[in-house]
Structure formats: C-alpha cells, structure tokens
Amino acid sequence: MPEFAVWYSPLKSAHIGLVIVSGGLFALRGALVLAGQSWAMARPWRMLSYGIDTLLLAAGVTLWVSLSLNPVASPWLGAKLLLLVLYVVLGSLALKRARAPAARRASYAGALMVYMFMASVALSHHPLGFMQPWWTHGD
Ligand code: HEM
C-alpha cells in the first residue's frame, strides 16, 4: 500500500467523525441557549467547541493540501469554504450576537441547514450538493 493511502483514509475518517461531533455540539449548545440555559456558553463548553473545530479544520486543510486541490478547479471545495464562512457568521449570531430571540432562532436554523448542506456538498463532490440531480436533471 502506498504511504499516502496508509494515513489518508484514517485522516478522512477523523475529519468526518469531527464533522459529526462538531455539528452535534453546536446543535446541542444552540438548543440550550435558545431554551434560556446560558451555562451552555460557559468557558469549558466554549473551549471544547474551539478545540473540536480547530481539529476539524486542521484535518480538512491537511486533506486539501495532500490532494493539492485548487478550490476554483474543484468548485465543491470552493463552495464548502464559502459555506463555512456563512456557517460561522450564522452560528455566532445564534449563540451570542443576535439580540432578538426571533433572530437567534432564525440564525440557529439557518446555521444547521448550511452545515447539512456543506456535508452534502462534500459527499457529492458537487457545489449543488444534494440538489445536483434536480438542477442538472441527472446529467
Ligand atoms: C477548512 C474547512 C474544510 C476543508 C478544507 C475540508 C476539506 C476536505 C477535503 C479535501 C476532503 C477530502 C475529499 C476526498 O477525499 O475526496 C473532505 C472530506 C469531507 N468533508 Fe471536509 N473540509 C472542511 C470542513 C468540513 C466541514 C465543516 C464539513 C461538514 C459540514 C465537512 C464535511 C466533509 C465530509 C462529509 C467529507 C467526506 C467526503 C467523502 O466521503 O468523499 N468538511 N473535506
């Protein structure tokens, strides 16, 4: 087995595992904050989230560099990076920056939808993600 294949597959599995843990933790903390449980924003929980997100992004960037991908030539990766920025903004609005409860709820729902869409973009290797068959009629 080539050396690349020995570590690429475990790293990709770690990336996917961290995607699930990070998304699950955001969903849980967001739901608790919306339910008025402000302890979900306490320092240990914030530190846990930062740690997991840092590992997730580091694994993603390592996969990216190892495949020598160009986000313009691989539009699924470019779309994923743009969606990541949108997810971070919506997540920050949901957990702390939005003042009105309705804005927090909308940001929370939007962040979760963007996150799931990002996963579908990654799995399909297409910028339209799960919508690709509808928009391209399966071409
Ligand atoms: C800096 C951020 C990120 C970068 C640079 C990145 C990059 C990558 C790369 C290069 C791959 C390997 C694709 C392959 O082997 O064909 C990958 C896989 C994957 N990524 Fe990310 N990723 C990032 C963040 C995320 C996030 C936030 C999510 C989820 C919402 C995500 C979901 C996935 C999934 C599900 C796969 C597996 C796709 C497959 O099975 O082929 N990634 N990522």
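Student: Why is Ala-40 called buried?

Tutor: Ala-40 has a relative accessible area of 1%. Buried means under 20% relative accessible area, exposed over 50%, and partly exposed in between (1.4 Å probe, protein chains only). Ala-40 is therefore buried. This is a predicted model, in which local features need pLDDT of at least 70, side-chain atom pairs count only at pLDDT 80 or more, and totals for chains, interfaces and linings use all residues. Residues are numbered from 1 along each chain as its sequence is written, and side-chain values use heavy atoms, with hydrogens and water left out.

Student: Where does Ala-40 lie?

Tutor: Ala-40 is in the loop between H1 and H2. Its C-alpha is 5.5 Å from that of Arg-29, eleven residues apart in sequence. Helices (H or I, at least four residues) and strands (E, at least two) are DSSP runs, numbered from the N terminus. The protein chain has five helices and zero strands.

Student: What makes Trp-7 partly exposed?

Tutor: Its relative accessibility is 35%, and partly exposed is the class between buried and exposed, so Trp-7 counts as partly exposed. Trp-7 is in helix H1.

Student: Which residues coordinate the iron atom of the ligand?

Tutor: His-15 (NE2) and Lys-80 (NZ) do, at 1.7 to 2.1 Å. Donors are N, O and S atoms within 2.8 Å of the metal (3.2 Å for Na, K and Ca); water is not among the atoms, so sites may look incomplete. His-15 sits in helix H1 (residues 3–34) and Lys-80 in helix H3 (residues 75–97), 65 residues apart. Both His-15 and Lys-80 are buried.

Student: Why is the site of the iron atom of the ligand called octahedral?

Tutor: There are six donor atoms, with angles of 84 to 176 degrees among them. Six donors count as octahedral if opposite donors are over 155 degrees apart and all others between 65 and 115. The site is classed as octahedral. Ideal angles for six octahedral donors are 90 or 180 degrees.

Student: Which residues touch the most other members of the largest nonpolar core?

Tutor: Among its 22 residues, these are Phe-26, Leu-83, Tyr-87, Ala-111, Val-114, Met-118 and Val-121. A nonpolar core is a set of buried Ala, Val, Leu, Ile, Met, Phe, Trp, Tyr and Cys residues joined through side-chain atoms within 4.5 Å. H1, helix H2 (43–66), H3 and helix H4 (101–124) each give two or more residues to this core. H3 gives the most, with eight residues.

Notes. Four donors count as tetrahedral if all angles lie between 85 and 135 degrees; four count as square planar and six as octahedral if opposite donors are over 155 degrees apart and all others between 65 and 115; anything else is irregular.
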